[in-house]
Amino acid sequence: MNNGDKFLRYLLTPMSWLYGFGVGVRNKLFDWGILKEVSFDIPVVGVGNITIGGTGKTPHVEYILECLRYQKNIAVLSRGYKRKTKGFILASSKSTPDSIGDEPMQIYEKFGGRVKVAVCESRVKGVENLIKEFPKLDLIVLDDSFQHRYIKPKLNIMLMDFSHPVYTDNLLPLGRLRESQRALDRADMVITTKCPANMSALDMRIVSKHLDLMPYQKLYFSTFDYGGLIPVFPDECDDRLLISDLAADDFVLLLTGIANPRPFVNYFRQFQFKKKVLHFPDHHDFKRSDLDEIRAKFESFNGRRKLIITTEKDAVRLVHNPYFPQELKPYVFYIPVGVRMIESAFGYDFVPDLLQAINK
């Protein structure tokens with residue numbers, strides 16, 4: 001650690017203590033019943049984390065929906081981060097990322113015909129509106145809800161990134177933690193996400209030892225599976241490419257605007273084509289200047305064939321962007337990501353355990 005890093009750590013450590021004190025007081029007010037948690041007759045499942053971004057919340061929410069959509073009448077409620085609207089909004093065919101947020105928009109485009117998707121700053125009002133409008137609902141999934149304690153879920157699922165475990169991190173602003181590791185006590189299920197696909201039982205036991213969960217808590221492990229290339233603008237592109245079609249003399253601009261692009265970028269290391277990464281902040285609202293930069297980068301490289309490959313969440317924003325350059329549309333693809341649960345060293349099976357917890 002150099003002198004600059006040491007100085008920054010000395011500066012941020014007392015700020016981290018103050019932040020932790022404030023968060024601790026807030027949690028105690030809920031624990032003591034001074035701040036009230038609301039329960040509902042309908043089962044509510046909360047999915048969230050205690051770190052800032054990058055644990056794979058949206059893919060795991062989608063995994064839960066995919067597993068349960070034929071067995072339950074489900075709604076998803078999100079706050080709609082960075083949307084340009086207020087209040088309760090039910091997603092529809094007229095929705096855009098500006099009106100409901102990019103992640104709810106992504107979920108709606110996948111499940112809108114089978115799952116209700118809504119956004120609201122107040123989770124309590126959002127659930128009340130959903131129950132009033134759809135009295136036959138029998139499950140509500142709260143997206144990114146772990147810190148929003150005004151609702152007491154029937155089941156709390158907490159996600160932890162394998163490459164950024166909470167037990168090696170620090171509270172904001174020194175680290176990435178929104179709460180201390182003690183907040184894990186509120187979780188019924190903990191999923192370690194973005195694990196190596198061949199994760200060993202020994203590695204699972206090491207994670208379990210560090211987390212030191214309570215007997216009532218269950219620990220699971222998941223990895224990402226990437227799909228094939230899909231055109232972001234299908235009307236502009238007739239070519240259904242496979243990644244395996246790309247050769248060493250092809251060029252790909254990897255475009256990301258997510259919290260943790262590392263797994264996405266690492267996936268492409270196995271391929272021989274030339275590649276360049278252009279990264280923007282999470283939930284980035286692409287301006288004309290950003291699109292000009294993308295076009296300039298794309299045009300500056302030579303290749304037998306040139307493509308732009310982006311993430312599914314970024315594709316949702318790009319396809320609704322009125323300023324996206326027309327001349328680039330035939331060359332822009334996204335690669336979907338799906339969750340796969342890894343066989344547990346502890347004998348747990350996520351979907352049956354999830355159903356049992358919801359139905360009891």
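Predicted model: local features only at pLDDT ≥ 70, side-chain atom pairs only at ≥ 80, totals over all residues.
Visitor: OK, the open sheet: what is the strand order?
Guide: The order of its 5 strands is 9-13-12-10-11, with mixed pairing; strands here are DSSP runs of E with at least two residues, helices are runs of H or I with at least four residues, and both are numbered from the N terminus. Two strands count as paired if DSSP finds at least two bridges between them.

Visitor: And which strands sit at the edges?
Guide: Strand 9 (230-231) and strand 11 (274-279) are the edge strands, each pairing on one side only.

Visitor: How does strand 13 pair with strand 9, parallel or antiparallel?
Guide: Strand 13 (residues 332-335) and strand 9 are antiparallel, with 2 bridges between them, and Pro-231 has Phe-333 of strand 13 as its bridge partner. Strand 12 and strand 13, by contrast, run parallel and are joined by 4 bridges, and Thr-310 stands opposite Tyr-334 of strand 13.

Visitor: Are the side chains of strand 13 buried or exposed?
Guide: They are buried on both faces, with Val-332 and Tyr-334 on one side and Phe-333 and Ile-335 on the other; buried means under 20% relative accessible area, exposed means over 50%, and partly exposed lies in between, using a 1.4 Å probe and protein chains only. In a regular strand, side chains alternate between the two faces of the sheet.

Visitor: Which strands does helix 9 lie across?
Guide: Helix 9 (residues 312-319) lies across strand 10, strand 12 and strand 13, and it runs at about 105° to strand 12. Such angles run from 0 to 180 degrees between N-to-C directions, with axes fitted to C-alpha atoms, for helices over the stretch in contact, and contact means heavy atoms within 4.5 Å.

Visitor: Switching topic, how many salt bridges does the structure hold?
Guide: The structure holds 24 salt bridges, each defined as a side-chain nitrogen of Lys or Arg within 4 Å of a carboxyl oxygen of Asp or Glu.

Visitor: Why does the Glu-37 and Arg-149 pair tie together parts apart in sequence?
Guide: In this salt bridge the closest N and O atoms are 3.6 Å apart. Glu-37 lies in the loop between helix 1 and strand 1 (44-48), whereas Arg-149 lies in the loop between strand 5 (139-143) and strand 6 (155-161), so the pair ties together parts that are 112 residues apart in sequence. Glu-37 is partly exposed at 30% relative accessible area, whereas Arg-149 is buried at 7%.

Visitor: What about Arg-340, what is its partner?
Guide: Arg-340 forms a salt bridge with Asp-225, with closest N and O atoms 2.8 Å apart. Arg-340 is in strand 14 (residues 337-341) and Asp-225 in strand 8 (residues 218-226), 115 residues apart.

Visitor: Last one, which residues make the nonpolar surface patch?
Guide: Phe-7, Leu-8, Leu-11 and Met-15 make a patch of about 400 Å². Phe-7 is in helix 1 (residues 3-31) and is exposed, with a relative accessible area of 57%. Patch residues have over 30% relative accessible area and no salt bridge, with like charges joined within 9 Å and nonpolar side chains (Val, Leu, Ile, Met, Phe, Trp, Tyr) within 5 Å; accessible areas come from the Shrake-Rupley method with a 1.4 Å probe, and for residues only the protein chains shown count as cover.

Note on methods: Residues numbered from 1 in each chain as written. Heavy atoms only, no water.
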